[in-house]
Amino acid sequence: MFRPAVVRQTVKTLNQSSRPAVTTNTPQLFRRPLSTTFVRAQKDDKNDPLVKATTRAPGGAAGESEGKYARTDESLVVEYPDDADMPRSPVVQGRGGMHFKRTLAQFSLENRVTLVTGGARGLGLVMGQGIVASGSNLAIVDLNRDEAQESAHKLVEQFQKENPGLEELPKVTAHYADVSNPDSVNNALSEVIAKHGKIDHLVTSAGFTENFDAINYPYDRIQKLWGVNVNGTYLFATGVAKHLMERKAPGSIVMIGSMSGAIVNVPQPQAPYNAAKAAVRHLASSFAVEWAGHDIRVNCISPGYMLTALTRKILDDNPELRDKWISLIPTGKMGVPEDLMGAVTFLLSDASKYITGADLRVDGGYTLT
Ligand SMILES: NC(=O)c1ccc[n+]([C@@H]2O[C@H](COP(=O)([O-])OP(=O)(O)OC[C@H]3O[C@@H](n4cnc5c(N)ncnc54)[C@H](O)[C@@H]3O)[C@@H](O)[C@H]2O)c1
């Protein structure tokens, strides 16, 4: 007859302990705990520290450890700063440029035009740099016109330094758009097409996060956040897909989601951001299916904690978060924007020709545990 495994194991262990002692190398320790724990749990349920850590005991019975590393903290509030208060991002050095190591030609983006939203700084800027180093021309689209212009200039300057022998420089242009506004998106798309003649690739990196607990989250800020992260992604992706279909040209699109689209970060509360990034991930899958017949691939990159102006602002305001964050990452490190250069180039290029609707997590293993 069926007997639960724990009872069967206990009976077996009790039988073993009633047998005459035999000489063995197995330490006594291995045989005792299961039977004694089980017997004690039966007799003195309420005071058993393990039972206190189960649903048999009321909340708080196991002390301060309960949910300690798995809960949000409502006292953490981070409001996204005005643009004037955001630090400028440098272009990175020595990561692109001329090299003589052999690599697959499929990774090349030569003769392509790539549009990167939110490309004036942070992840967008450095991904743009990787895209240019891989051979593409680039259109930086951003809310911050001056910074976009400055970054476009610095990017070409850096490229020139790293490729002194090249006669033809990449064409890098800067354009204004508020990605959450359909008219502004259409104007930017027309401007980019007028300057570059076409668009082959899109990377949607414009986005931001804020931290308020869900109940007290100001509603206008939720709408703004969804407007930029979700509607902005939607508007640019559909605009570029329409242009590709009109040209009957193949293309590929990479949307920047976040690991927050798959997990709930702790301890900073950010429900609308998490939901927005889940939406971005699923938009990528949905577009991938809708546009597969037009040879347009759509994939998502979900970064983990990367050190940019966005995360630096949160960590400057809450320095204790640094240790909590890195303690939750299996590799023990935050990423840097350069860690996305290869991922974005791979997904845009023909090296990933048969990949569409995928979510590539670049998070040091965060979402695995
Ligand atoms: N930094 C991280 O740790 C991290 C992690 C996961 C995902 N992400 C995502 O990566 C993307 C880039 O983040 P980042 O850290 O580089 O941020 P960032 O603030 O450094 O850069 C974001 C850029 O987007 C632009 N932008 C903001 N609102 C815009 C709008 N309405 N229209 C046009 N441009 C706008 C900003 O001007 C800025 O240049 C975001 O979507 C973010 O959610 C970042």
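1. Let's start with helix H8, residues 271-291: its 21 residues reach 30 Å from the first C-alpha to the last, close to the 30 Å expected at 1.5 Å a residue. That expected span is 1.5 Å times one less than the number of residues. Helices (H or I, at least four residues) and strands (E, at least two) are DSSP runs, numbered from the N terminus.

2. A word on what you are looking at. This is a predicted model, where local features need pLDDT of at least 70, side-chain atom pairs count only at pLDDT 80 or more, and totals for chains, interfaces and linings use all residues. Residues are numbered from 1 along each chain as its sequence is written.

3. Which residues of H8 are buried? Among them are Tyr273, Lys277, Arg281, Ala284 and Trp291. Buried means that 20 or more other C-beta atoms, placed from the backbone, lie within 10 Å of a residue's own. The cover over these buried residues includes H7, strand S5 (251-256), strand S6 (296-303) and strand S7 (359-362).

4. Now step back to the whole protein, with its 11 helices and seven strands. Of its 369 residues, 37% are buried.

5. The largest nonpolar core holds 69 residues, and Met127, Ile140, Ala237, Met255 and Val344 have the most contacts inside it. H7 gives the most to this core, nine residues. Such a core is a set of buried Ala, Val, Leu, Ile, Met, Phe, Trp, Tyr and Cys residues joined through C-beta atoms within 7 Å.

Methods
Buried ≥ 20, exposed ≤ 12 C-beta atoms within 10 Å, placed from the backbone. Contact = placed C-beta atoms within 7 Å.
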